[in-house]
Amino acid sequence: MSAFLAIGNDTLGLPLPDIPHTVLVSLPTWNGVIGEAINQAAMHNTNMTGYPRFSIHRSVQKLTDICQEKFGFDGERCLPFPTQRTAEDGKEFIHAQALRLGMSSEVRIVHFCPNPPRNTSSKSLGTDQSIKPELCPSPFAEVHIVFFNAGTYKFARQFWQNCGLGISSRYAEHCLSLLGIPEFLCIQRPESLRCCGNPLSTRFNGTFLNSQNESELAFSTGSDAKAALRQRIADFFVRNEPSLLNVSEEDVFLFPCGMSAIWNVHQLLMDMRPLEKSVIFGFCYDDTLQVVERSGPGVIIYGHGRESDIDDLDHMLAEKQTECPSSPPILALYTECPSNPLLRTVNFPRLRELADKYNFPIVIDETVGTFANVDVLPFADIVITSLTKHVSGYPDVLGGSLVINPRMRYYSQLKSHLMSRYEDTYFDSDAIVMELNSRNFIKRMQIKNSNAEYICDFLRSRSVECGAPGESIGSHVIKDVYYPKYVSRDNYEVCRRRLPTGELDKENGGYGGVFSLTFTSMKASEAFFDALAVAKSTSFGMSFTMSLPYTMLVYYSDLEWASQYGADATLVRVSVGTEDKEDLLKIIETALTAAELA
């Protein structure tokens, strides 16, 4: 079992944990979260630490500063992207947003190829003389720098955040190594990535669960790691039924992060289908909504995801089809399984019926449930997963995947269009780390499932919604507990992972490792969060327990809008790790006591 990663109140804004490529920033107090929310709302977030789509890593910032000095003009700012296409996408987005508001919309792209300085030893590049050349990243690198008016920096950061197309910290450091700037180098060479060695155990002071032999090494090349990762993902979707077409490695596409996969899906669908509005069904992750809403014909939101919403959707689709029988009524439908952070599951069979009837694809993000617990393939044309979360389990790399369902009518069309536009922008070193991290994904997920269900049963029995007896701890402060076992459970059971016999897979088909709870007052919620002695940051799915007052951070500027769909301002999301469940329960009880005293 792993140990708790609890960070003190004096660590606000520091890396969590203190490793070179962490994707987390410590937000240990409620007030610290509010400060971060205000910072993000103003788009002035200049922290060099944090989730890479929301913050600029110090190595990326260093490379950006170099590019600005080399190629920038007065009054400009810039951001680096890995390919010409990603830079063009950024240019188009910034230009459109600036034009819409009557601001300076001039955007330009500079192509920059860092070259290794002459007569530079491997030592000065931050590498080990003993490392084999094939284990190091390619000596070639290129950066496509998008320059824009400084006044439109907000839009550039929106694109960086929502679309996830910027360069990674490892790629930035590779470029810096070619420029001979060793003081910024912290590249972890694949040879050092031992499963019980530096990155997964010793480096984190025993924080993580490890199931590999210490002698087992990572793949030495990115292509090998990507092939293994794609096959591993495909295997989760294989069902031993002769009548079904199974997902193969060729149906799995990798991306630098989950939002990059969603962005590319949206661009793909706009390329191949008539331009109509998309539907967001259920209270989905906010950045998914932002991508669909800001780039394309627009969005129709059914934020509750109820049965009555499916009735309304059916009625709307029928009307649109009557008005224009020759064109599909919507571009696509996006939903999650279950949703983040309300852990709701929609009625997938009914949505699938509508998709077949009205000719539109369904895109399902199953990041919260994970393919260890749910099988959404019978209902989805495309399945999206943020590998950064449960699949990696370690906060040192981003990644995303997209799976095209070979059993659906749009398969050939989707595959053909995606193959024609797909760019592999997943940096090799990131893929190597992700593949290694994911090897014990199933074992970690089984422990998380067990721990989360145990804790949620305790919490729910003490909630107002469940009619808890007044003398039990937490009974005066817990309003409700959101977990697939209690929230829209019938819908969740439909897509729980099953054995080929149709029986539930008792080892893997759990309710997941994420839950949310709401409180009877803001003071109680604040006190609970501040007293909860676990890591506190913006992501989830790590092998250590994490917490976040989700609604206050994500919807700080629009709390009323979020509340109409059930995202209460007191909501605290908890991502359960692999620690001992009794130890975790004691920490929860201590935090509940603080909430009651408040």
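A nonpolar core is taken here as a set of buried Ala, Val, Leu, Ile, Met, Phe, Trp, Tyr and Cys residues that are joined through side-chain atoms within 4.5 Å. In the predicted model described here, the largest such core has 170 residues, and those with the most contacts inside it are Leu313, Leu459, Phe515 and Phe528. Helix 7 gives the most to this core, contributing nine residues. Around Leu459, and leaving aside residues up to four places away in sequence, the contacts are with Ile478, Val481, Phe515, Leu517, Ile588 and Leu592. In soluble globular proteins, nonpolar side chains tend to be buried together.

Seven strands are arranged as an open sheet in the order 4-10-9-8-7-5-6, with mixed pairing. Strand 4 (252-255) and strand 6 are the edge strands, each of them pairing on one side only, and the twist from one strand to the next averages 20 degrees. Within this sheet, strand 7 (residues 333-336) and strand 8 (residues 362-365) run parallel and are joined by four bridges, with Ile362 of strand 8 as the bridge partner of Leu333. Helix 11 (residues 411-421) lies across strand 4, strand 9 (382-386) and strand 10 (400-404), and runs at about 140 degrees to strand 10.

The pairing of strand 14 (residues 546-548) with strand 15 (residues 572-575) is antiparallel and extends over three bridges, and Leu548 stands opposite Arg573 of strand 15.

The buried residues are Tyr153, Phe155, Ala156, Arg157, Gln158, Phe159, Trp160, Gln161, Asn162 and Cys163, and they pack against helix 2 (58-71), strand 1 (76-81), helix 3 (84-100), strand 3 (143-149), helix 7 (258-272) and helix 8 (286-294). Gly164, which follows helix 4, has a positive phi near 60 degrees. In helix 5 (residues 169-178), 10 of the 10 residues are buried, and this helix is therefore largely enclosed by the rest of the structure. Among its buried residues are Arg170, Glu173 and His174 as well as Ala172, Cys175 and Leu176, and the elements covering the buried residues of helix 5 include helix 2, strand 3 and helix 12 (428-437). Just after helix 5, Gly180 takes a positive phi of about 70 degrees.

The structure holds 27 aromatic pairs. In one of these, the rings of Phe281 and Tyr302 have their centres 6.0 Å apart and their planes at 35 degrees, so the pair is classed as tilted. This pair links distant parts of the chain, with Phe281 in strand 5 (residues 278-281) and Tyr302 in strand 6 (residues 299-302), 21 residues apart. Phe281 has a relative accessible area of 0% and is therefore buried, and Tyr302, at 11% relative accessibility, also counts as buried. Tyr555 and Trp561 likewise form a tilted pair, because their ring centres are 5.9 Å apart and their planes lie at 35 degrees. Of these two residues, Tyr555 counts as buried at 4% relative accessibility, whereas Trp561, with a relative accessible area of 22%, is partly exposed. Ring pairs also link Phe81, Phe93, Phe159, Trp160 and Trp263 into a cluster, to which helix 4 contributes the buried residues Phe159 and Trp160.

Charged side chains are also found over aromatic rings. The charged end of Arg496 sits over the ring of Tyr511, at 4.5 Å from the ring centre, and that of Lys581 sits over the ring of Tyr454, at 5.1 Å from the ring centre.

How values were computed. Residues are numbered from 1 along each chain as its sequence is written. This is a predicted model: local features need pLDDT of at least 70, side-chain atom pairs count only at pLDDT 80 or more; totals for chains, interfaces and linings use all residues. Side-chain values use heavy atoms; hydrogens and water are left out. Two strands pair if DSSP finds at least two bridges between them. Helices (H or I, at least four residues) and strands (E, at least two) are DSSP runs, numbered from the N terminus. Buried means under 20% relative accessible area, exposed over 50%, partly exposed in between (1.4 Å probe, protein chains only). Contact means heavy atoms within 4.5 Å. Rings of Phe, Tyr and Trp (its six-membered ring) pair if their centres lie within 6.5 Å; planes under 30 degrees apart count as stacked, over 60 as edge-to-face and the rest as tilted. A charge sits over a ring if NZ of Lys or CZ of Arg is within 6 Å of the ring centre and within 35 degrees of the ring normal. Axes are lines fitted to C-alpha atoms, for helices over the stretch in contact, and angles run from 0 to 180 degrees between N-to-C directions.
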